[in-house]
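Here are a few exercises to work through with the model open beside you. Try each task before you read its solution.

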Amino acid sequence: MKKILIAMVRGYQKWVSPLFPPSCRFQPTCSNYMIQAIERFGAKGVLIGIARILRCHPGTEAGPDPLPDHFSLRRNTKSGQNDKNQ
């Protein structure tokens, strides 16, 4: 199942993504993040990837957003970059 899901994302990267200008606000890109999530969490990694895509809009602070160590649909704040209390 992982291979099929990753192949679908790679197909998007190869055939669909080049048709549009680069616009991802995060590092790694949303499609690479999705692949990492699927590799780490299996099919439920798709949910993490979709949550990331939904966070990718102009109202969100751009920058590094590494994959969380544990399954979570929220942005990883391990770096402390997104903590407003610092």
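**Exercise 1: a buried aspartate**

Aspartate 65 sits in the segment that follows β2 (63–64); strands here are DSSP runs of E with at least two residues, helices are runs of H or I with at least four, and both are numbered from the N terminus. Before you start: this is a predicted model, where local features need pLDDT of at least 70, side-chain atom pairs count only at pLDDT 80 or more, and totals for chains, interfaces and linings use all residues. Residues are numbered from 1 along each chain as its sequence is written, and side-chain values use heavy atoms, with hydrogens and water left out.

Task: work out whether aspartate 65 is buried or exposed, and what surrounds it.

Solution. 
- Step 1. Aspartate 65 has 0% relative accessibility, so it counts as buried (buried is under 20% relative accessible area, exposed over 50%, partly exposed in between, with a 1.4 Å probe and protein chains only).
- Step 2. Skip residues up to four places away in sequence, and aspartate 65 touches Phe26, Gln27, Pro28, Tyr33, Arg52, Arg55, Arg75 and Asn76 (contact means heavy atoms within 4.5 Å).
- Step 3. Take arginine 52 from that list: its side chain and that of aspartate 65 are joined by a polar contact of 3.4 Å.

**Exercise 2: the two faces of α1**

Task: check the span of α1, then find which of its residues are buried.

Solution. 
- Step 1. The buried residues in α1 are Leu5, Ile6 and Val9.
- Step 2. Down the helix axis, the buried residues of α1 fall within an arc of 95 degrees, so they line one face (the arc is taken over directions from the axis to the C-beta atoms).
- Step 3. Over on the other side of α1, Lys3, Ile4, Met8, Lys14 and Trp15 are exposed.
- Step 4. The cover over the buried residues of α1 includes α2 and α3 (45–55).

**Exercise 3: the core**

Task: which residues form the largest nonpolar core?

Solution. 
- Step 1. Leu5, Ile6, Val9, Met34, Ile35 and Ile38 make up this core of six (a nonpolar core is a set of buried Ala, Val, Leu, Ile, Met, Phe, Trp, Tyr and Cys residues joined through side-chain atoms within 4.5 Å).
- Step 2. Two or more of these residues come from each of α1 (2–16) and α2 (30–41).
- Step 3. A second, separate core has five residues, including Tyr33, Phe41, Ile48 and Leu67.

Technical notes: Expected span 1.5 Å × (residues − 1). Polar contact = N/O pair within 3.5 Å; in protein donor to acceptor, adjacent residues only side chain to side chain.
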